[in-house]
Amino acid sequence: DKKFVPAKAEIANNQIIVTAQGIDSPVAVRYSWSNWSEGNLTNVEGFPATPFRTDTFDLITTGVKAPKY
């Protein structure tokens, strides 16, 4: 339904396992996708992961042309 909800994630066997209450078969994940998110995923050196998404859904700005100044 393309509605994203807060989720929990853990690293197991070199994979990120994501779960969310009430979601039995998730199809997409977005990490640190909003302006107010505070990411907490880092690599072994302590460098933070950049925001990412696993879906290819159209974004709300798809097809919107930038204004000409």
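# Salt bridges, pocket and surface of a predicted model

R30, R53 and D55 are linked in a network of salt bridges, a salt bridge being a side-chain nitrogen of Lys or Arg within 4 Å of a carboxyl oxygen of Asp or Glu. This is a predicted model, in which local features need pLDDT of at least 70 and side-chain atom pairs count only at pLDDT 80 or more, while totals for chains, interfaces and linings use all residues. Residues are numbered from 1 along each chain as its sequence is written, and side-chain values use heavy atoms, with hydrogens and water left out.

Trainee: How far apart are the closest N and O atoms in the salt bridge of D55 with R30?

Mentor: The two partners come from distant parts of the chain, D55 from the segment after β4 and R30 from strand β3, 25 residues apart, where strands (E, at least two residues) are DSSP runs numbered from the N terminus, as are helices (H or I, at least four). D55 forms a salt bridge with R30, and the closest N and O atoms lie at a separation of 2.8 Å.

Trainee: Does D55 count as buried or exposed?

Mentor: The classes rest on relative accessible area, with buried meaning under 20%, exposed over 50% and partly exposed in between (1.4 Å probe, protein chains only). D55 has a relative accessibility of 7%, and therefore counts as buried.

Trainee: Which residue forms a salt bridge with D55 at 3.1 Å between the closest N and O atoms?

Mentor: By the rule used here the count comes to two salt bridges, and one of them joins D55 to R30. In the salt bridge with 3.1 Å between the closest N and O atoms, the partner of D55 is R53.

Trainee: How much space lies in the largest pocket?

Mentor: On a 1 Å grid over the protein atoms alone, a pocket is an open set of points with protein on both sides within 12 Å along at least five of seven lines, whereas a cavity is a set where a 1.4 Å probe fits but cannot get out, and lining residues have an atom within 4 Å of a point. Grid points are joined across faces, edges and corners, and a volume is the space filled by probe spheres set on the points. For the largest pocket, that space is about 1,100 Å³.

Trainee: Which strand gives the largest share of the lining of the largest pocket?

Mentor: The lining consists of 35 residues, with V5, P6, A7, V29 and R30 nearest the centre of the pocket. At least two lining residues each come from β1 (8–12), β2 (15–19) and β3 (30–31). The largest share, four residues, is supplied by β1.

Trainee: How many residues of the lining of the largest pocket are nonpolar?

Mentor: In this grouping Ala, Val, Leu, Ile, Met, Phe, Trp, Tyr, Cys and Pro count as nonpolar, Asp, Glu, Lys and Arg as charged, and the others, Gly among them, as polar. The lining has eight polar and seven charged residues, and the number of nonpolar residues is 20.

Trainee: What separates A7 and R30 in space, C-alpha to C-alpha?

Mentor: A7 lies in the segment before β1 and counts as partly exposed because its relative accessibility is 44%. Along the sequence A7 and R30 are 23 residues apart, while in space, C-alpha to C-alpha, the separation is 9.8 Å.

Trainee: What is the distance between the C-alpha atoms of F57 and A28?

Mentor: F57 belongs to the segment after β4 and is partly exposed, with a relative accessible area of 22%. F57 and A28 are 29 residues apart along the chain, and their C-alpha atoms are separated by 9.4 Å.

Trainee: What value does phi of N13 take?

Mentor: N13 is placed in the loop between β1 and β2, and is exposed, with a relative accessible area of 76%. Phi of N13 is positive although the residue is other than glycine, and its value is near 55 degrees.

Trainee: Where is K2, which has a positive phi of about 60 degrees, placed in the chain?

Mentor: K2 is not a glycine, and it counts as exposed because its relative accessibility is 58%. Its place is in the segment before β1.
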